[in-house]
Amino acid sequence: MARLLFTARAGGKSEGEFDSLNLAQHVGDQSDIVQVNRHELMHLLSVKQLQFMEQVHGNEIALVTQEMKTIPQADALITKERNIALVVMVADCLPVLIDGVDVIGAIHVGRRGMANGIVARTISEMKNVGGRDFIAHIGPGICGKCYEVSEPIYLEITSNLPNADAGYRKIDIRREVSRQLDALGVKTININKCTLENEGYFSFRRAPKTGRQCGAIVL
């Protein structure tokens, strides 16, 4: 089985808005301190290599190999390689980690990725490289009663994905992602914690200038 974890705010060296285990280099935190935080993540996972992605709320998937030297523009990573930790960074979106026989995945799921089929596409790609017997671990993210959007977005999402309807202008990403995984025959383990309600997590909705926690998984 894979090793995996979901981080929270505590346990790092960042200060101010990024207090304290911020893992993102693109949010305005000090780069050297972020590197210290990332080394702490490596220590927690007992690895020497972390693979991040440039997340763009799309449905592209990157296959990670030992030779990869760049950060791919994608919203999901999969690999059959050992000792490379796949990392998805979030601050309200859902981090979804997939543990499978000889293959793992890490998915960034916001409302656009959810609507564009990032979950099903990732499971399909994992099957294509020989994966099976998947278990999905869904980490902390904003809950349905807190995730309010504009009326046009609400109508667009819920007309196509009625299970995501959490009341007028509110969307439940966790419930819809869980439904999608269940329809694919994937067992799910949910950490039902709302990042907006719980100040122990970074939340973009609470404070747009903030850090990022992560979900990380390694074979």
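## Glutamate 197 and lysine 145

At 46% relative accessibility, glutamate 197 counts as partly exposed; buried means under 20% relative accessible area, exposed over 50%, and partly exposed lies in between (1.4 Å probe, protein chains only). Lysine 145, at 57%, counts as exposed. The two form a salt bridge, with their closest N and O atoms 3.4 Å apart. A salt bridge here is a side-chain nitrogen of Lys or Arg within 4 Å of a carboxyl oxygen of Asp or Glu. The pair links distant parts of the chain, 52 residues apart: glutamate 197 sits in the loop between E9 and E10, lysine 145 in the loop between strand E8 (135–138) and H4.

This is a predicted model: local features need pLDDT of at least 70, side-chain atom pairs count only at pLDDT 80 or more, and totals for chains, interfaces and linings use all residues. Residues are numbered from 1 along each chain as its sequence is written, and side-chain values use heavy atoms, leaving out hydrogens and water. Helices (H or I, at least four residues) and strands (E, at least two) are DSSP runs, numbered from the N terminus.

## Other salt bridges

The salt bridge count comes to six. One joins lysine 209 to glutamate 17, with closest N and O atoms 3.8 Å apart. These partners are 192 residues apart. Lysine 209 is partly exposed at 46%, and glutamate 17 is partly exposed at 39%.

Arginine 82 bridges to aspartate 102 at 3.6 Å between the closest N and O atoms. Arginine 82 lies in the loop between E4 and strand E5 (85–90) and aspartate 102 in the loop between E6 and E7, so the pair ties together parts 20 residues apart in sequence.

## A buried aspartate

Aspartate 29 lies in the loop between strand E1 (3–6) and helix H1 (31–45). Aspartate 29 is buried yet has no salt bridge; lysine 209, the nearest side chain of opposite charge, is 9.1 Å away. Lys and Arg count as positive, Asp and Glu as negative; His and the chain ends are not counted.

The aspartate 29 side chain makes polar contacts with the side chains of serine 14 (2.5 Å) and asparagine 22 (2.9 Å). A polar contact is a pair of N or O atoms within 3.5 Å; within protein, one must be able to donate a hydrogen and the other to accept it, and residues adjacent in sequence count only if both atoms are side-chain atoms.

## The aromatic pair

The structure holds one aromatic pair. The rings of tyrosine 154 and tyrosine 168 have centres 5.6 Å apart and planes at 75°, so the pair is edge-to-face. Rings of Phe, Tyr and Trp (its six-membered ring) pair if their centres lie within 6.5 Å; planes under 30 degrees apart count as stacked, over 60 as edge-to-face and the rest as tilted.
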